[in-house]
Amino acid sequence: MFAAGCGCIALFVVLVGGCSAIALSGSGDPQPSETETAVAEPAEPADVENVEEPAEAEAPVDDAPADEDPAEEAAAEGDDAPAEEAPAEEEAPAEDDVPAEYTSALNSAQSYSDLLHMSKQGLFDQLTSEYADQFSDEAAQYAVDNVEADWNANALASAESYSETMHMSKQGIYDQLTSEHGEQFLPEEAQYAIDTIEADWNENALESARSYRDTMDMSPEAIRDQLTSEYGGQFTQEQADYAIEHLDD
């Protein structure tokens, strides 16, 4: 009876909740051990793993800078190598792979410059003319860009030829040298020629006057006008007067 009474008291205490610890301790170990493991289990694995994993993740961060130095050195070496080799590769074709047509055009241009003392534009027109050499524009341009010529000297040589063979005036030679239908020298090249040439303009006027008289049967006054005309000899008035005075000498 006593035992039964205690059991009833124990059940009552459990329901109320005030004697739960006494009832568990009196009944044995299984229930307290389950309670302790339930509290301890979440704390041990979760905290340890979460602390150690970031420490392992820091290792690649320390290794990354070490890998950058070789990459930068390789990039630097790679940048230097092509910069040195590129000019050599570009220059070789320019010297070795010149088309045969270009070489032929250059040889012709050199001949025209040396023998006929032509201007740069005159050479180009001669090389590309359908009635002359008939080179392509590209070959002719290569030729005039690479020909060895002194254009001032060529202009001077042409001026001397006009003075000695055609007895032209100073202004007449200048116009002939710069004319698009003539020699096509640059104005500065033509000016160099007439400033440098050694010519006797009075004698040139006299020779021109005699030519007018003998071939065209012109009167002295008509010859004078022809010598000074801007469409004729373009001699000065003094040079024309000298020619008329010595016409019969």
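1. Let's start with the pocket lining. By class, the lining of the largest pocket has 4 nonpolar residues, 8 polar ones and no charged ones. Here Ala, Val, Leu, Ile, Met, Phe, Trp, Tyr, Cys and Pro count as nonpolar, Asp, Glu, Lys and Arg as charged, and the others, Gly among them, as polar.

2. A word on what you're looking at. This is a predicted model, where local features need pLDDT of at least 70 and side-chain atom pairs count only at pLDDT 80 or more, while totals for chains, interfaces and linings use all residues. Residues are numbered from 1 along each chain as its sequence is written, and side-chain values use heavy atoms, with hydrogens and water left out.

3. Back to that pocket. Its volume is about 210 Å³, and the residues lining it include Met166, His167, Met168, Ser208, Tyr212 and Phe235. A pocket is an open set of points on a 1 Å grid over the protein atoms alone, where a 1.4 Å probe fits, with protein on both sides within 12 Å along at least five of seven lines; lining residues have an atom within 4 Å of a point. Grid points are joined across faces, edges and corners, and a volume is the space filled by probe spheres set on the points. Helix H11 (residues 201–216) gives the largest share of the lining, 3 residues.

4. Now the overall picture. The protein has 13 helices and 0 strands (DSSP runs numbered from the N terminus: helices are H or I, at least four residues; strands are E, at least two). Of the 249 residues, 23% are buried; buried means under 20% relative accessible area, exposed over 50%, and partly exposed in between, with a 1.4 Å probe and protein chains only. Among contacts (heavy atoms within 4.5 Å) with a separation of 6 or more, 55% join residues 24 or more positions apart.

5. Ser208 is worth a look. This pocket-lining residue is found in helix H11, and at 10% relative accessibility Ser208 counts as buried. The side chain of Ser208 reaches the backbone oxygen of His167 at 3.0 Å. Leaving out residues up to four places away in sequence, Ser208 touches Met166, His167, Leu227 and Phe235.

6. Gln239 is another one to check. It sits in helix H13 (residues 237–245) and is buried, with a relative accessible area of 14%. A polar atom of the Gln239 side chain lies 3.0 Å from the backbone nitrogen of Thr236. Beyond its neighbours within four places in sequence, Gln239 is in contact with Trp201, Asn202 and Ala205.

7. Most residues other than glycine have a negative phi. His117, though, has a positive phi of about 55° although it is not a glycine, and Asp217 has a positive value near 50°. His117 lies in the loop between helix H5 (100–116) and helix H6 (120–128), while Asp217 is in the loop between H11 and helix H12 (220–228). His117 is partly exposed at 27% relative accessible area, whereas Asp217 is exposed at 68%.

8. Which residues does His117 touch, not counting those up to four places away in sequence? They are Tyr112, Asn154, Ala157, Ser158 and Phe185. The C-alpha atoms of His117 and Glu183 are separated by 9.5 Å, with the two residues 66 apart along the chain.

Terms used. Polar contact = N/O pair within 3.5 Å; in protein donor to acceptor, adjacent residues only side chain to side chain.
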